[in-house]
Amino acid sequence: MITKLYNLILKKCLIIAFILMSIQAFGVEKISNGVIYEIDLTAGNAAIIGHDASKIKENVTIPESITYDGEKYSVLSIASNSFKGLTSLKHISLPNSITTIGSSAFENCSGLQSFSLSNSITHIEKRTFAGCSSLTSISSLPTSITFIGDSAFFYCKNLISVILP
């Protein structure tokens, strides 16, 4: 009797766990020009979560939004480690929709020579550009930045000029 009750409770718990996992799974991934996006279907936005190095070109321009299943989703952030170690990347341009760049997002992108940040960026997390040894100058950081994390530009050994807002 107790075994049957235990099995019944266990089955119900597994069903509830499966339902809860399904509810959280409203995100889908989409790859466009080698950039991997996670689309949050419930919130109506997207984040960059990774890359396919074999499809990335030297110069990357991130769009303001991406289309999935006929709907447009604003690209709001770049997750931690999204482009980490992508040595072939030389320039990246970010749209005004992006507000946050996660930690180590471009770490060890040793070929990165320049970048264009959005005017909406508020956070550059720790180690975001660490090890980007080809960066020589940053012409201007946007006035919207309120936080730059520890070691954000660590070991950018050729970086000789940064203009702060």
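This is a predicted model: local features need pLDDT of at least 70, side-chain atom pairs count only at pLDDT 80 or more; totals for chains, interfaces and linings use all residues.
Local features are reported at pLDDT of at least 70 and side-chain atom pairs only at pLDDT 80 or more, while totals for chains, interfaces and linings take in all residues. Numbering starts from 1 along each chain as its sequence is written, and side-chain values rest on heavy atoms, with hydrogens and water left out.

Starting with the overall layout, the protein chain holds one helix and 13 strands. Helices here are DSSP runs of H or I with at least four residues, strands are runs of E with at least two, and both are numbered from the N terminus. Read from that end, the order is α-β-β-β-β-β-β-β-β-β-β-β-β-β. Of the 165 residues, 35% count as buried; that label means under 20% relative accessible area, with exposed set at over 50% and partly exposed in between (1.4 Å probe, protein chains only). The accessible surface comes to about 9600 Å², and 55% of that belongs to carbon and sulfur atoms. These areas come from the Shrake-Rupley method with a 1.4 Å probe, and for residues only the protein chains shown count as cover. As for contacts (heavy atoms within 4.5 Å), 42% of those between residues at least 6 apart in sequence join residues at least 24 apart.

Next come the strands, where two count as paired if DSSP finds at least two bridges between them. Strand β1 (residues 27-32) runs antiparallel to β2, with six bridges between them, and Ile31 sits opposite Ile36 of β2. The hairpin made by β1 and β2 has two residues between its strands, and Asn33 takes a positive phi near 55° there. On to β3: β2 and β3 are also antiparallel and joined by six bridges, with Gly50 of β3 as the bridge partner of Ile36. This second hairpin has four residues between the strands, and Gly44 has a positive phi near 80°. Setting aside neighbours within four places in sequence, Lys55 makes contact with Asn33 and Gly34.

A separate feature is an open sheet of three strands, ordered β4-β7-β9 and paired in parallel. Strands β4 (59-61) and β9 are at the edges with a single partner strand each, so one side of each has no neighbour in the sheet. From one strand to the next, the twist averages 5°; the axes are lines fitted to C-alpha atoms, for helices over the stretch in contact, and angles run from 0 to 180 degrees between N-to-C directions. Between β7 and β9 there are three bridges, and Ser93 has Ser116 of β9 as its bridge partner.

What about the inside? The largest nonpolar core contains 35 residues, and those with the most contacts within it are Ile48, Ile62, Ile78, Phe83, Ile92, Phe106 and Leu117. A core in this sense is a set of buried Ala, Val, Leu, Ile, Met, Phe, Trp, Tyr and Cys residues joined through side-chain atoms within 4.5 Å. The elements β2 (35-40), β3 (45-51) and β6 (71-78) each give two or more residues to this core.

Rings of Phe, Tyr and Trp (its six-membered ring) pair if their centres lie within 6.5 Å; planes under 30 degrees apart are stacked, over 60 edge-to-face, and the rest tilted. The count by this rule is five aromatic pairs. One of them, Phe83 with Phe106, is stacked, at 5.2 Å centre to centre and 5° between the planes. Phe83 is in the loop between β6 and β7 (91-93) and Phe106 in the loop between β8 (100-101) and β9 (114-116), so the pair ties together parts 23 residues apart in sequence. Phe83 is buried at 0% relative accessibility, and Phe106 is buried at 0% too. For Phe154 and Tyr155, the ring centres are 6.4 Å apart and the planes at 45°, so that pair is tilted. Phe154 is partly exposed at 46%, whereas Tyr155 is exposed at 51%. Phe83, Phe106, Phe115, Phe129 and Phe153 make up one aromatic cluster.
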